[in-house]
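Hello,

Here is the structure you asked to look at. My notes on what turned up follow below it.

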Amino acid sequence: MATTNTQTELGALLKNQYPDGVVEAYSFAAPLMSRLIKFDYQSAGIGNTYNQPVELRLEHSITSSAADVTPTYLAMNAGISQNAISGGMQKFGRASINYDMLERAKAAGTKAFESAGKRVTKRLALSHLKRLEIECITGRRGIAKGSAISGTGTTRALVVSIETWSAARFAGMELATLCSTDSDGTTARAPVTGAVSTFYLVSVDPTTRTLNVAGNSTDMTSLDTSWPAGGWLFFESNGTGATGAPELGGTTELAGLDAWCNMSGTWFNIATGTYSLWNPNVYSTSTGVIGFGKLFEMAEMVGSYGAVRRLIALCSLKAFGVLNTDMAALRNYDSSYKATKGAMGNAGIEFSTSVGPLEVLPHPFQSDGIIHMFAPDEVLRTGACDIKFIQRGDGSGSNNIVLESATTPAGEMRTHSNQQLFVEQPRHLCLASGITFG
C-alpha cells in the first residue's frame, strides 16, 4: 500500500518552480498587471484601507488690483482636498490532485511526479492571473453585455453585444460558473432560484459572439427578458454576483478601468457630482470607425486637465488592426526600406502628441467597441498582497505550496490575492465607446 503524500514530499518537488511571484512568472499573459499597472504595498504599512489625499478644488481668494491702489481682499474661498478610500478585493484559487494520481506519478519516478503537480499548479496560477487581468479592464462592469437570446429549458444561447465582445476572455473558460444581472448591473437574475454554481458556460461560438450556457430552468427563463435588454454577465463568486455598493464591501470584484471611466455617485469616498476633477472624460459613446485623429483628440481632452505625460490607449486586437493598417498607409519610407524584403504591421504603436508620447496597446481581453486611455504612472494596484501561493511550514524551515485537503483525499494548491485598482487622477482618463468596423 502506498504511503500518503505529505506536505514535505509534495512541496519539495513543486515549490522551487512556483514561488510567490506569479505575476512575474507569467507576465506574457498579463501586460497590465506585469508592466503597466504596478502593485503598491503602501510603504507606511498595510492597513484595512488605502487612503490617498486628492486635491479636488483650488483656492479662489485671488485679488487683483490696479497699480498704486490698496485693494480690499476678496472673501476667503478655500480649496479642498479629500481622502479617496480604497479597500482590497480578495480572490482565492484552488486546485487539487487526488492521492491516487499522485501515487501513480510518484511510482513512475520523480520526473513524472513533478510533471503531474507542475501542470496543475501552472494551470491554477494562470487561471488566477487571467481573472485579475480581465478585472483590471471590466471589473464591476461585466464580462459581456446582452444582445439576443434563444433556447428553452435549462440551456440558453446568449449573443453578446458587438461592443463588449472579446473572444479571448472566454478561451478555456468552459464550465466556469457565472452570474447575470439586469442592465442596471445590480438586479440579480441568475443564479437566483438555483443553487450555487448551477449557472455555467458550456461552449463558445466566436463567429456569432454566442455563449452557450446552462442552469436552473427558472433562472434561465429569467434571462429571456433581461439579457436582450442589455443584461450583464459576470463570473460567479461565492454564489453571488459582482454587484452592490461601490468600492468598500457589497461587491466581489476590483473596480476595473471601465468602471472608473463610468463612475457615478460617491466613488471611493468622493462625490463625483460635487467635484469635476473626480470624473473621467468621455470622448464619445458612438465613436464610429477609430483612427489616429480620434486618438489625438482623446489625448488632448486629458491634456487639458494637466495630463502632460505618457498615455496608454488600450484597444482590442480588432481595433488595433484598423489603426495598424492606417499607420502602414501613412508610412514614409526612409533608409530602412529594402526592396528585397517587405515588412508590414506593428506589434505596438507609439507616437508623439501635443500631450506627450501615446502608446496604442492591443489587448486580447479588451472589448471590441471600447478604448480606455490612461496615464500608467497614475494607475496602480493597492492592497495587502499580489497573487501568491498560500504556503505552510512543516517545522523544518521550508515552506510548501501543497496542502492537505480537509474534505477529500487529495493534495491541494491555493492562490490568494488582495488588491484594488486605483486611479489617482480620474480626470486623466478618457473613454471612447461605440467603435464600429466599417
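Beyond its neighbours within four places in sequence, L211 is in contact with A144, R156, A157, L158, V160, W165, F170, L201, S203, V204 and L233. Please keep in mind that this is a predicted model.

L211 also belongs to the largest nonpolar core, which has 58 residues; together with L32, W260 and W278, L211 touches the most other members. Helix α5, residues 110-138, gives the most to this core, with 5 residues. In soluble globular proteins, nonpolar side chains tend to be buried together. There is also a second, separate core of 24 residues, with L295, L323, F351 and V360 among them.

Next, strand β6. This strand covers residues 155-160 and contains V159. Setting aside neighbours within four places in sequence, V159 has contacts with K145, G146, S147, A148, T208, R209, T210 and W227. The C-alpha atom of V159 is 6.0 Å from that of I149, although the two residues are 10 apart along the chain.

Then the pockets. The largest has a volume of about 1000 Å³. Its lining is made up of 34 residues, and those nearest the centre of the pocket are K91, F92, G93, R94 and R131. Strand β4 (89-98) and helix α5 each supply at least two residues of that lining. Which element gives the most to the lining? It is α5, with 12 residues. Sorted by class, the lining has 15 nonpolar, 10 polar and 9 charged residues.

Regards

Conventions: Residues are numbered from 1 along each chain as its sequence is written. This is a predicted model: local features need pLDDT of at least 70, side-chain atom pairs count only at pLDDT 80 or more; totals for chains, interfaces and linings use all residues. Side-chain values use heavy atoms; hydrogens and water are left out. Helices (H or I, at least four residues) and strands (E, at least two) are DSSP runs, numbered from the N terminus. Contact means heavy atoms within 4.5 Å. A nonpolar core is a set of buried Ala, Val, Leu, Ile, Met, Phe, Trp, Tyr and Cys residues joined through side-chain atoms within 4.5 Å. Buried means under 20% relative accessible area, exposed over 50%, partly exposed in between (1.4 Å probe, protein chains only). On a 1 Å grid over the protein atoms alone, a cavity is a set of points where a 1.4 Å probe fits but cannot get out, and a pocket is an open set with protein on both sides within 12 Å along at least five of seven lines; lining residues have an atom within 4 Å of a point. Grid points are joined across faces, edges and corners, and a volume is the space filled by probe spheres set on the points. Ala, Val, Leu, Ile, Met, Phe, Trp, Tyr, Cys and Pro count as nonpolar, Asp, Glu, Lys and Arg as charged, and the others, Gly among them, as polar.
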